[in-house]
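Q: I have a structure here that I have not looked at before. Can you walk me through it?

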Amino acid sequence: MPDPLYRRIADDLEQQIASGVLLPGAKLPTEQELRAQFRASRNTVRDAVRFLTTRGLVQTWPGQGTFVIVKTEPYVTTLSADPKTGLGGGEGEAFKAEVLAQGRDPFTPNPRVEIKQAAGVIAEELRLDAGANIVSRHQERYIDQAPSSLQTSYYPMSLVHDGAQMLMVASDIMPGTVKYLGDVLGLRQTRYRDRITVRPPSAEESAFFRLPDSGLVSVLETFRTAFDGNDKPFRLTVSVYAADRNHFAVFGGAVPTRVRHGQSPGERPTQDRDD
Amino acid sequence: MTNPKYRQIADSLREEIDAGVLKAGTQLSTEIELSGQWRASRSTVREAIKLLTELGLVEARPGQGTFVRAKIVPFVTDLSADPAKFGERDGDLYSQSVKAQHRVPDSTTPRVETHLAVGEVATELELPARSLVLSRHQQRFIDGQPYSLQTSFFSMDLVTVRGADRLIVAEDIREGSTQYLRDALGVKEAGYRYLITVRTPDRIETTFFRLPEDGRVGVFENLRTSYDQDGNPFRLTVTVCPGDRNEFVMNGPDPDIPDEPH
């Protein structure tokens, strides 16, 4: 499809934001002005503004207008496995390493650790009876000081009984939970499965991510179930990402190194990096 | 930050619906009951119900009350590489996976267009801006309901220089374009990358998918770039599908497929 007019208007405004013609905090031209400038209908102009809103570029304040917000460069999480470790991206210590590798600044406060009873999707994924005790480790994650995602990992309490006491400690497990469970229990993650869904944010999530009240920014929710050598699930990690500042990559087969390391389209490294 | 009361009420009801406490067909408590239960004004309760209605979770039946709607059964797309099928026929891969979920697939005859490559089409296909590209666009349905809009982009060179003539014919390529390019030109899909983003639907999408007007149901916009055995991109497929009826799975790691050649 040729780019529809609203996309061209959005592109034009995005260009102005990127080049600094429109600075953070600046007010966008009014709907009337944009309509005249692009000879577009009201709906088309609204679509363009909506599109920029979901990209986290502008925010509309009722009765005041639409303003450029401080741009957060989307962060790309790779969901498919790292060819070297076989582990998926986006969790625990790997998260910090990945963020640093993209030249950005990760921050994760200490996790909130709770004992809960398994129900619903957690019981299903971990193949536990409803009501079985589980350890939940919940963490807020920031990139460049902006709230980026919320992550909660659930473990069967039996892992603690078997000796993985650290799961109960409300601080980061170094150098990562998978490594720790391998060391103390000989547990090895042989595969995992991600389910990727999208939904409107809850009120709590809207507050944490500071999402516009319009509800135009969705959250992406991933459910990752990790399996051990006996193909028994031992961990469920639920991550909630604000869609305006997060993108996701999945690789399959042989992909050129420049693409695997390129963080977003249009940002190709000039030289292939080899590690 | 604000956490308005209507959102709290809506979130709480949504949790009960998600958890199956409130099943499809169940009548919600009345406005009066809810306002008593939450110590909220009736207009606040009305706002909460309005939000749930927009999300497609409940529906008002005039004169009867508000009821929980039957959940849309999501279509699940597997993003991981299936070693057995990798790089082979992709055309009926979609319809097969729909059928495997015991559902009925359908899609329109492709609309074939030519364009000058700009933006992500140029970047992903690694073509100079304004190169000639062709696109094949299809609407896809499951059980008669609109599920996705898909557009594949190819460099026009594949047709004019290399002779993949069927790409510019507005007719379904039954075996899929991957298989066709492999048979016709020896271009083999060796790998791919998905880039997954979520945004609000535009007007065309809102109408086609029959989504609520206010943009609260987000759509996935997934870019899938295919690379040949020499590491060159030869196809970009953009799929737009609403988040209320689509989800994705990914299995890791894929052990049987070699990683990038060094």
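A: One term to begin with: two residues are in contact if their C-beta atoms, placed from the backbone, lie within 7 Å. Helices (H or I, at least four residues) and strands (E, at least two) are DSSP runs, numbered from the N terminus. With that, B:E31, B:L34 and B:S35 in helix 2 of chain B meet B:R42, B:V45 and B:R46 in helix 3 of chain B.

Q: Before the details, what kind of model is this, and which residues count?

A: This is a predicted model: local features need pLDDT of at least 70, side-chain atom pairs count only at pLDDT 80 or more, and totals for chains, interfaces and linings use all residues. Residues are numbered from 1 along each chain as its sequence is written, while chains are lettered from A and ligands numbered from 1 in the order in which they are written.

Q: OK, back to those two helices. At what angle do helix 2 and helix 3 of chain B cross?

A: Their axes cross at roughly 110° and come within 9 Å. Axes are lines fitted to C-alpha atoms, for helices over the stretch in contact, and angles run from 0 to 180 degrees between N-to-C directions. That makes helix 2 of chain B roughly perpendicular to helix 3 of chain B; the word covers 65 to 115 degrees, with under 35 counted as roughly parallel, over 145 as roughly antiparallel and the rest as oblique.

Q: And which classes of residue make up that contact?

A: The contact of helix 2 with helix 3 of chain B has 2 nonpolar, 1 polar and 3 charged residues. Here Ala, Val, Leu, Ile, Met, Phe, Trp, Tyr, Cys and Pro count as nonpolar, Asp, Glu, Lys and Arg as charged, and the others, Gly among them, as polar.

Q: Now the two chains. How many residues of each are in contact?

A: There are 52 residues of chain B in contact with 52 residues of chain A. Strand 8 of chain B gives the most to the chain B side, with 9 residues. That side divides into 22 nonpolar, 17 polar and 13 charged residues.

Q: What does strand 8 of chain B pair with in chain A?

A: Strand 11 (residues 246–253) of chain A pairs with strand 8 of chain B in the antiparallel sense, over 6 bridges. Two strands pair if DSSP finds at least two bridges between them. Within this pairing, A:G252 has B:Y192 as its bridge partner.

Q: And strand 8 of chain A, which strand of chain B is it joined to?

A: Strand 8 of chain A is joined to strand 11 of chain B by 5 bridges, and the two run antiparallel. In strand 11 of chain B, B:M250 stands opposite A:D194. Inside chain A, strand 8 (residues 191–199) is also joined to strand 9 (residues 219–227) by 9 bridges, again antiparallel. A:R193 has A:T225 as its bridge partner there.

Q: Switching to domains. Where do they fall in chain A?

A: Domain 1 of chain A covers 5–68 and domain 2 covers 75–261; such bounds come from an automatic or database domain assignment. Their C-alpha centres lie 35 Å apart. The contact takes 7 residues from each of the two domains. On the domain 1 side, helix 3 of chain A gives the most, with 3 residues. By class, that side has no nonpolar, 5 polar and 2 charged residues.

Q: How is chain B divided?

A: Chain B has domain 1 (5–68) and domain 2 (75–249). The C-alpha centres of these domains of chain B lie 38 Å apart.

Q: Which peptide bond is cis?

A: The bond from B:G252 to B:P253 is cis, with omega near -15°. B:P253 sits in the segment after strand 11 of chain B. In chain A, A:R127 has a positive phi, near 50°, and is not a glycine. Most residues other than glycine have a negative phi, and most peptide bonds are trans.

Q: Last one: what are the confidence scores?

A: The model scores ipTM 0.80 and pTM 0.81. Per residue there is pLDDT, the predictor's confidence from 0 to 100. Chain A has a mean pLDDT of 87, with 93% of its residues at 70 or more. Chain B averages 87, with 92% of the residues scoring at least 70. pLDDT stays under 50 over residues 263–275 of chain A and over residues 257–262 of chain B.
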